[in-house]
Amino acid sequence: MTTPRIALVTGGTGGIGTAICQRLADQGHRVATNYRNAEKAQHWQQRMREQGHDIALFPGDVSAPESGKALVQAVEDALGPVEILVNNAGITRDTTFHRMSPEQWHEVINTNLNSVFNVTRPVIEGMRRRGWGRVIQISSINGLKGQYGQANYAAAKAGMHGFTISLARENAGFGITVNTISPGYVATDMVMAVPEEVRAKIIADIPTGRLGKPEEIAYAVAFLVAEEAAWITGSNLDINGGHHMGW
Ligand code: NDP
């Protein structure tokens with residue numbers, strides 16, 4: 001039986017985030033996420049309600065420490081202590097490194113990696129005090145194997161692994177597990193924005209012959225969040241249709 005928990009999923013209104021929010025809510029957890037654009041968020045919440053999901057929405061930009069802290073504070077004031085944190089918010093600003101601007105570098109590092117500090121830091125002490133917690137980073141296949149035009153993104157996503165294995169060590173004695181999921185190419189807006197001919201080449205390289213579904217990533221989050229997953233910590237779960245296999 002699932003013990004209901006308070007879960008914060010960053011970037012929950014996006015493709016993978018929506019599936020994670022729905023999956024955790026279906027399991028009986030009270031799920032919160034952030035938004036940046038109020039109008040878009042209202043439509044999203046309406047759509048969730050029509051599908052039978054009540055996901056709590058809070059304004060929040062995770063790329064800066066103050067706004068990350070304020071987001072956690074708002075969630076905790078409204079719902080109670082965050083027990084499950086899924087660091088999922090992310091962006092791409094692709095270009096080859098020799099053309100990359102400082103803005104493209106910093107925007108991606110701030111949103112994809114510094115956000116992990118900005119949101120995890122305000123929840124970790126409470127998790128330690130209460131002796132239970134789940135922290136999951138949504139990294140990427142490209143943080144493991146690199147990608148042309150993604151030096152910024154791959155650096156941020158690879159950084160998540162160092163964070164995960166250090167935080168896992170520091171908190172293993174406090175009932176807290178910390179893990180990373182590295183999705184391959186999943187059919188969300190982020191990947192559908194890639195030119196069709198590039199996407200076709202990517203799919204041709206995937207042994208299963210298709211893009212992943214957001215629900216297939218959410219399934220892994222649910223697996224790591226489970227009470228029974230208490231001995232899985234400091235791990236990385238590759239979910240990529242066989243696109244990148246390694247030890
Ligand atoms: P989407 O673009 O669909 O969703 C991204 C989400 O992150 C949106 O809700 C977005 O909010 C939010 N977000 C972006 N910047 C910020 C910010 N500064 N503060 C708060 N929220 C923010 O992407 P996906 O669902 O495809 O990706 C989700 C995660 O999975 C990302 O970390 C991505 O890197 C990773 N991933 C995705 C893969 C894929 O193939 N799709 C493959 C591997 C990893 P808003 O709408 O307001 O911008």
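Mentor: Buried means under 20% relative accessible area, exposed over 50%, and partly exposed in between (1.4 Å probe, protein chains only). The model is predicted, so local features need pLDDT of at least 70 and side-chain atom pairs pLDDT 80 or more, while totals for chains, interfaces and linings use all residues. Residues are numbered from 1 along each chain as its sequence is written, and side-chain values use heavy atoms, without hydrogens and water.

Trainee: Is Asn87 buried or exposed?

Mentor: Asn87 has a relative accessible area of 3%, so Asn87 is buried. Asn87 lies in strand β4 (residues 84–87); strands are DSSP runs of E with at least two residues, helices runs of H or I with at least four, numbered from the N terminus.

Trainee: Which side chain does the side chain of Asn87 join in a polar contact?

Mentor: A polar contact is a pair of N or O atoms within 3.5 Å; within protein, one must be able to donate a hydrogen and the other to accept it, and residues adjacent in sequence count only if both atoms are side-chain atoms. Here the partner is Thr120, at 3.0 Å.

Trainee: What does the side chain of Thr33 reach at 2.5 Å?

Mentor: The backbone oxygen of Val9. The Thr33 side chain also reaches the backbone nitrogen of Gly12, at 2.7 Å. Thr33 is part of strand β2 (residues 30–35) and is buried, because its relative accessibility is 0%.
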